[in-house]
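Please find below a colleague's note on the structure shown here. The points move from the whole chain to single residues.

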Amino acid sequence: MKASKVAYKPVGLALGAVSGALAGAVFKQVWKAVGHDEDAPGATDQDRNWREVMLAATLQGAIFSAVKAAVDRGGATAVHRLTGTWPG
């Protein structure tokens, strides 16, 4: 394994934690705008229908993927600018 990959591991882990927190906050705000409740339904929420549960899960997955990709790409670009080596 190249040294740049090893050196990037802690940065990647930190960015992963940040992206998860950011994605959670974004999803919560989007769900407030899309849904009628404060909290999104869980898969086992008896009071919610299939459509609502599946919509929430799909929306959450899309937001988490997009935020993670943006944060990972930004981190890799920043490391490349600082070191001249792409971390991937």
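1. Basis of the note. This is a predicted model, in which local features need pLDDT of at least 70 and side-chain atom pairs count only at pLDDT 80 or more, while totals for chains, interfaces and linings use all residues. Residues are numbered from 1 along each chain as its sequence is written, and side-chain values use heavy atoms, with hydrogens and water left out.

2. Overall fold. The chain has two helices and zero strands; helices (H or I, at least four residues) and strands (E, at least two) are DSSP runs numbered from the N terminus. Along the principal axes, the C-alpha atoms fill a box of roughly 50 × 25 × 15 Å. The radius of gyration is 17 Å, whereas a compact globule of 88 residues would have one near 12 Å; the value is taken over C-alpha atoms, and the globule rule is 2.2 Å times the number of residues to the power 0.38.

3. Surface and contacts. Of the 88 residues, 22% count as buried, where buried means under 20% relative accessible area, exposed over 50% and partly exposed in between (1.4 Å probe, protein chains only). The chain exposes about 6,200 Å², of which carbon and sulfur atoms supply 62%; areas come from the Shrake-Rupley method with a 1.4 Å probe, and for residues only the protein chains shown count as cover. Among contacts (heavy atoms within 4.5 Å) between residues at least 6 apart in sequence, 50% join residues at least 24 apart.

4. Helix α2. This helix covers residues 50–83, 34 residues in total, and its first and last C-alpha atoms lie 49 Å apart, close to the expected 50 Å; the expected span is 1.5 Å times one less than the number of residues. Its buried residues are V53, A56, I63, V67, V71, G75, A76 and V79.

5. Ends of α2. At the start of the helix, a side-chain oxygen of N49 comes to within 3.2 Å of the backbone nitrogen of R51. After the helix comes G84, with a positive phi near 80 degrees.

6. S19. This residue is in helix α1. S19 counts as buried because its relative accessible area is 4%. Leaving aside residues up to four places away in sequence, S19 touches V67, K68 and V71; V67 and V71 are among the buried residues of α2.

7. K28. This residue is also found in α1 (residues 3–34). K28 counts as partly exposed because its relative accessibility is 40%. K28 and D72 are 44 residues apart along the chain, and their C-alpha atoms are separated by 21 Å.

Note on methods: Polar contact = N/O pair within 3.5 Å; in protein donor to acceptor, adjacent residues only side chain to side chain.
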